[in-house]
Each structure stands twice: as structure tokens, then as C-alpha cells.
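Student: Hi, I have a model open and would like to talk it through. Could you help me?
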Amino acid sequence: MNISGDSILKMHPLARRAENEEEILIGRTDISNFIVLPAIGVEIIDMLDEGKSINEVATIMEERLGEPVDVLDFAQDLIGSYQFVYMVDGEVVNEPVPVEDHFSWIKQGTGQFFFNRVAFGLYGLLFFTGLLICVFTGKYIPVYSDIFVSSSVTVSVVVSFVATWVFLFFHEMAHLMAARSLGIGSRIGLGHRLVFAVAETNMSNIVLVEPQRRYRAFLAGMSWDAMFWGIGVILLFANDQGWLTLVPFMEAFIRMLNVILLMALAFQFMVFMQTDLYYVLATKFHCSNLMVNTRLFLKGKFRSLRQDEQEEWEYVADHEKRVIRWYSWVYLIGSVWGIWFFVQYQLRMAVDFIWIIADDMKNAPLHSWEFWDGILLILLVLVPFLILGWSWMRAYRQRRSERERAKSLQGT
């Protein structure tokens, strides 16, 4: 957007947190867009927001520092790149985005009740109790065949499908409640990681919380998965000892849940994607945007970076660059393995399963149970792929919209 030294800027409401003695994290919570600026940069933003013109702020800063400051160029970044500016000379340039947190009725105290040191200790105790039972008895370790709760394939597929999504909801609800315990709102939705459809909790505003306090929100989902798995093993053990009696279907159901929960826990260790443990890793090593910057680093290995990309890479902190140099190998190898696993197992199994079902359906009358049973199974198998395709399209539209918006701002 074309602005002049006489332009007056009005900012959106901006939240902030001190990163250290010299830098401040600042940004919009409605779009979760944050950057780390030196304190002087935040001071410039505040002066602009107070109604001072760009030239007035530039004059003040030059008198203070003894050298010119390009406030005009910084203001253009605030409008286009960061979208911090609401109006320029009374004209709206970045609309506010209405955001309503999910389950906003859950109080911060409720989140603190379920996610504190005592609670995490209890979840860990239940998990390790189940683990010890597995080790010392040699039983209850989930195997793939446990996924079948009935001799009926349809019943097994439907029950496992419903159970998977119910416990995915519990996993994401744990993230939401833990974030709420820190005073951070969040939203549960669907998305993708590499080539895998996932449920996800958007708690991007957690950057406003000190890094050492974020772990409870990152590990909350895994803690509940581990707790439920431990409870499942304990119940199976108690049943075998005669301490309680489980009907056969309930016993099979618990075994099926333990397979699902163990797979969910294993998935979080795939840190080459943005899994829960990836965020733990990035926070531990104080990396502001580990995956995006790793992709930028790898781009530089295969082609020359554009000027804007080079500037972006130069802005990456030295300690993060050191982490990126070894994490890039994790990212590369893991991504190749993830795509191979998806094609060789998830995709091939789905195709084979649909082919078998379709073959069984071809002679079944249209009004028969066998026909509609097959349709139901095919739809359930396709759900993850439909979510994946929808998420890819949504991400593509967002990127295209951002490019078009950037072009429009440059042209005005």
C-alpha cells in the first residue's frame, strides 16, 4: 500500500510479552500473528498508534538515536507482512477477524484442576502401572488383531471408527483444557500433518505464555492417552485376577482401545511433523519457527534463495540455525519414511479393502443389507482421505488468498 510520511496509522489491539531484556513478542491474537521485535520497534508501534505521523515518529527516533530510522519502511511491513495496522488515514486496510474460542464455558480453574503437577503425576502413575503389568506378565501388550471386537467386520470397523474419533476428541479436549488453565483460548478442528489426516487444537496464542509453562498444554493430550491406556491394562489384569468381571465384548473393546491409544502415542513421536513432541522439542531448544525455518534451510541447499527468503534466513537466531542443521536430517528422513508408510500401508490397505468390499457387493441386490453394508464400510475407510483432501484444499486457498492480498497491497 502506498503511504507517505504524513500518514496516520491505527493499530489493531496488540498483545505482548517480554522475551528478554531487549526484545518483546508482540502481535494480534485474533489471527495469532506474532513477531519478536527489539524494544525500540515496539515503542515505534506505540507512538504510531497514539496518532503521531510517520515523519513525526522518524524525527523523534533520529533525535534520540542520533541517526535516521526508516519508519516508513517499517510501517509498510506493519501493514502488509504483519497485518498489525487496522487503518491508514482513516481507511481500513486489515479487517479484524472475529474468533470465538471453543468450549469457552470451561473455566480456567477447571483446566488447572485437571492439569497440574499432581494430576500429571496421577496420569503417569496409571500409565507406568499398566506398563509394569505388561512387562512382568508378558500379556496385555496390544497387537493388531485386537482391533477386531467382533466376528463381524462391519461391527469391528464401526466400533473402532467411533472409538478412534471419540478418543481423538478427548486428546484434543485435554489440550484445550490445559491451554485454558494458562489463560489461553483455543479451537478444535481438523487438518493434516504431511499426508496424514488429524484432529488438531489451535492454541497459537500460547506464545504469550512463558516457554517453561507451555509444556502442560503440549503434553496434555499424550498424558490422557497414556492414562486411558494404563487404565485399560489395569482393568484387563484385574479381570484375569478375578477382581472384577468383564463381559467378553467389554474385554474386547478395551483391547481395541489399547491398540488405538498406543498408536496415538506412537504418532506423537514423529517429530518431523508438527506433533505434540515437536512443539516440546521446539520449545526446549528455544526455536521460534523450527519447521518453517528448516524448510527454508533445505531450500537453500537445492536452489538459490530469493532475496526475501535470504533476509528471512538471516533473521533466524544463531542457536536455532545450529538446531536446524541436525533437525533437517530428522525432517528429511522422517518425511520420506512418512510418505512411504502412507503409500505402502495406509493407502494400499484402503484400496485393497475397498476392492474386496466392492467385489462382495457386485452380486448383491441394491436393496439388500449386503449392498448398503458395503457402502457404509467404504465410506468409513474413505473418511481420513476425504479429510486430507479437504485440508489440502483449504491450505491451498489460504496461501492463494495471502498471495493475492499481498499483491493488492503492493498495487495500492
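Student: Is Trp326 buried, partly exposed or exposed?

Tutor: Keep in mind that this is a predicted model. Trp326 has 39% relative accessibility, so it counts as partly exposed.

Student: How many aromatic pairs does the structure hold?

Tutor: There are 34 aromatic pairs. One of them joins Phe285 and Trp326, edge-to-face, with 5.7 Å centre to centre and 70° between the planes. That pair links distant parts of the chain, 41 residues apart: Phe285 lies in the loop between helix 9 and helix 10, while Trp326 belongs to helix 12.

Student: Which residues form one aromatic cluster?

Tutor: Quite a list! Among them are Phe103, Trp105, Tyr123, Phe167, Trp224 and Phe228.

Student: New topic: how many residues has helix 6?

Tutor: Helix 6 runs over residues 153-181, which is 29 residues. From first C-alpha to last, helix 6 reaches 42 Å, close to the 42 Å expected. Just after helix 6, Gly183 takes a positive phi of about 85°.

Student: Where is Arg214 found?

Tutor: Arg214 sits in the loop between strand 8 and helix 7.

Student: Which side chain of opposite charge is nearest to Arg214?

Tutor: That is Glu19, 4.8 Å away. A salt bridge needs the charged atoms within 4 Å, and Arg214 has none, although Arg214 is buried.

Student: What is Arg214 in contact with, leaving aside its neighbours within four places in sequence?

Tutor: Arg214 contacts Arg17, Leu182, Ile206, Val207 and Val209.

Key. Residues numbered from 1 in each chain as written. Predicted model: local features only at pLDDT ≥ 70, side-chain atom pairs only at ≥ 80, totals over all residues. Heavy atoms only, no water. Phe/Tyr/Trp six-rings, centres within 6.5 Å; stacked < 30°, edge-to-face > 60°. Helix = DSSP H or I, 4+ residues; strand = E, 2+ residues; numbered from the N terminus. Buried < 20%, exposed > 50% of the residue type's maximum accessible area, 1.4 Å probe, protein only. Expected span 1.5 Å × (residues − 1). Lys, Arg positive; Asp, Glu negative; His and termini not counted. Contact = heavy atoms within 4.5 Å.
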